[in-house]
Structure formats: C-alpha cells, structure tokens
Amino acid sequence: MTNEEKKTLEKRLSSLDSNERNRLYKRAAQMRKLAQAKTNTRPRHAQLELEDDDRIDFRKPRPALLEWVLKVLSQDDAPSVGTIETALRVGTVVAIGPRSAEVVLDGKTLTCLLSKELAERQQSEIAVGDEVEVTMRGAETALIATVRPRRTKLSRPDPGNANQERVIVANVDVVAVVVSVVSPPLHPRLIDRYLIAIRRGGAEPVICVNKTDLLDEGALVEELKQLAPYERLGVPIVRCSASARNGLDELRIALEGKLAAFVGHSGVGKSSLLNAMKPELGLAVGTVSEGYGRGTHTTTRSTLLDLGGGTRIIDTPGIRSFGLWQLTAEELPWYFPEFAAVTGCKFRDCSHTHEPGCAVKEAVESGEVSRDRYETYIRILESL
Ligand code: GDP
Ligand code: ZN
C-alpha cells in the first residue's frame, strides 16, 4: 500500500459513523486473529491475549490493527469520503433535541448532531448526563460518535409503548425525589415507584420535601409522618422551602460535588429550588393551576445545570405517573428491604399475597411494616 493510498483510506475511515467503524474494526480484529492463528507458534498464554482483541479499544487501535483495518477498508466498496474529521473528544450531554444534543466539552457548550441511528433510538440510547465521544467534521459541525457505557441510569417504560425504554437521566450519583406539602399534597406512592427505579438504576435516592412554609410546625410534623417508612429505610430526607429559603444548605450538602437529578410531579417546586440555590439560573417557574394543585408544564425537557463547586443537577420535566421498566414479580420484593427483614414466612418463595403463614402480612397487621408500603407493593405486583 502506498503512502498516498494509506492517506486516502485513513480519511475514509474517519468519515465513517460509529457503527460502521465498530463493524469495520471487529472484522479487522477477526481477520488479524485468523491470520495470527495460522502462523501462531507462541505458547498458550499468548493466544489467550489474542482472545482479548474482541475487547480492544476500537477508537485507539494499536498500529498493527490499523493496518488490518485499512486492508479491510481497501477491499470494501468505497463509501463517500467526507470532510476530514479531527480526533475524538469526550463531553457530557446537557440537553437533547430531536436531531442534536447540547454537549459540554472543555467547559464550552457545543451543539452536536446525532447520527441517524442515535436519533431513531434517542429515548434509550442517549440521555442527559451521558458521556459522549464527539468528532468534529470541519471546524463547524460536531457529531456524536459514541455514547460511553453508563455508570447509572434512571429509566421508565415509554408511556405509549411499554416495550420501549425511556432513559430519563444517565450517570447520576443521586436522584432527589422532590415532593411538596399542600400544593400539590404529599403522596408517598410515587416515591415508592421512584425508589425502585433509582435503586435498580444504581443511583442513591434523597427525598426533598418542598413548600414547608405552607404548614405550621405541628401540621408539618403530622404530614411528614407519612415519610417515616423511608426514614427507617435510611433514605435521607431534606425539608426545604424555596420561597422562605429554608433548608437550602442541607439540600446543597446532600448534593455537593455530585451529579444529581431532580424528579417529581410538576409544580412541586423543582425549578424554584434550583433558582433559590443559584439565582443566576433564572429558570422559568410555573404557576400551580387552581383547583388541582398541579403545576403547568414549565420544564419540557431535561437540562443539566452547573450549580458550581462540582455540583451539577439535571432538572427533569414533571411527570404524573411513573412506570417501572421491565420489573419482574420475583424482583419486586428486593426493593422492599423491610419485607426481607421480617423472617418466618411459611413458604420460602412467599409472594406475601395469598399464602398462609405469611410473616410480612402479620408484620403489616402489627404495624412493624408500613401498610402504605405494603399496599404499594400489592398494586405494583398486580400491574406487572
Ligand atoms: P416545578 O414544576 O417542580 O419545577 O415547580 P416550579 O418551581 O415551577 O414551582 C411551581 C409553583 O410552586 C410556583 O408557583 C412556585 O412559585 C411555587 N413554589 C415553589 N417553591 C415553593 C415553596 O417553597 N413554597 C411555596 N409556597 N410555593 C412554592
Ligand atoms: Zn410472606
């Protein structure tokens, strides 16, 4: 291969999208492995190393593999040669539109185009909080080449299609479930669902009770008794008021240095809390429609906001109901650790529903296990 040919091939290689590129590298790795296996006289452990070629970093191939990649490419029909792309850089997705995403790269926000595949599978394949590898096509156009594997995620099924996963946020350390008192009133049932989804996705939960200014201390204590089961489970609970600027330091401390998400019904005050913590954000705040105690939909898409000091928070649109993505009946009790703490069900695989000698049902009767939590369990089980 002449240098000139090599250059043309390298140019063509850089114009491929991530899927085409991955396929190409896989084929090259296979071809190299085959060729090496034929001539291989090295001891067994060296062959084992070769097996690892399947897991090589395709973006930074060793030179020898690159040779094979170019060989494979030269045998293929030439795809159209695009403008030269420059090296991959890694950034964080801070917002997503229909065909593009906003990515923060080296402290600057860049609009990056999504590949066709990524745009089609946008709900599950890319989310705010994702780390992505970006290539530049020329000086102007940035493209998202790859979405890096996620550390954590918060998912739910698409409300219109239960078989479609919708990833709400990616890579968050903490998910703050924001609830309010009075307007809208406190409903722990949604918290139960969120806790399951948060634990399954690998993040830590925090419950944030906003609008505490709307009740006097006695009434507030009474209202917050509903949260006692979560306290017993060790979920941190922060009381605050965006209006009265109470509890904001506690909230800051709970989220300090972390990537967090605010989730919950619209109208509970997620945007107000963010504004209270950092007024420069100037987020639009909705008015609670009279009668329903529900907010109008002010936040329509998730946005990652930098609160300073290493704290980043993703504000998410309010949702009314929260489905559980591919949860099975067998798995469900794992997310009710207080059930596991009760021992003595007659049947080892007791579903704590119809079985005789169920220690969990007895614990509900005696008040040891929260009846509300048990009822949520039954409801979710019935819906699976
Ligand atoms: P979001 O939909 O969860 O982002 O809620 P918003 O921040 O848009 O707030 C919804 C409504 O609740 C607005 O009218 C806010 O002024 C009001 N609100 C927010 N926080 C508080 C609070 O701490 N106390 C009271 N009384 N009202 C609040
Ligand atoms: Zn049982």
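1. A contact here means heavy atoms within 4.5 Å. Among contacts in the chain between residues at least 6 apart in sequence, 64% join residues at least 24 apart.

2. This is a predicted model, in which local features need pLDDT of at least 70 and side-chain atom pairs count only at pLDDT 80 or more, while totals for chains, interfaces and linings use all residues. Residues are numbered from 1 along each chain as its sequence is written, chains are lettered from A and ligands numbered from 1 in the order in which they are written, and side-chain values use heavy atoms, with hydrogens and water left out.

3. The secondary structure of the chain comprises 14 helices and 15 strands; these are DSSP runs numbered from the N terminus, helices being H or I of at least four residues and strands E of at least two. Of the 384 residues of the chain, 46% count as buried, a term for under 20% relative accessible area, with exposed being over 50% and partly exposed in between (1.4 Å probe, protein chains only).

4. Cys345 (SG), Cys350 (SG), His352 (ND1) and Cys358 (SG) coordinate the zinc ion (ligand 2) at 2.1 to 2.4 Å. Donors are N, O and S atoms within 2.8 Å of the metal (3.2 Å for Na, K and Ca); water is not among the atoms, so sites may look incomplete. Along the chain, the donors of this zinc ion follow the spacing C-x4-C-x1-H-x5-C.

5. The site of the zinc ion (ligand 2) is tetrahedral, with angles of 103 to 113° among its 4 donor atoms; for four donors, the term requires all angles to lie between 85 and 135 degrees. Ideal angles for four tetrahedral donors are 109.5 degrees. Cys350 and Cys358 are both buried; Cys350 counts as such because its relative accessibility is 8%.

6. A search of the whole structure finds 0 disulfides, a disulfide being a pair of cysteine sulfur atoms within 2.5 Å. The sulfur of Cys240 has its closest cysteine sulfur in Cys208, but the distance is 3.3 Å and therefore too far for a bond. Cys240 counts as buried, because its relative accessibility is 0%.

7. Helix 11 (residues 270–277) is largely enclosed by the rest of the structure, because 7 of its 8 residues are buried. Those buried residues are Lys270, Ser271, Leu273, Leu274, Asn275, Ala276 and Met277. Their cover includes strand 8 (174–180), strand 9 (204–210), helix 10 (248–255), strand 11 (259–263), strand 14 (303–308) and strand 15 (311–315).

Methods:
Tetrahedral: all angles 85-135°; square planar, octahedral: opposite > 155°, others 65-115°.
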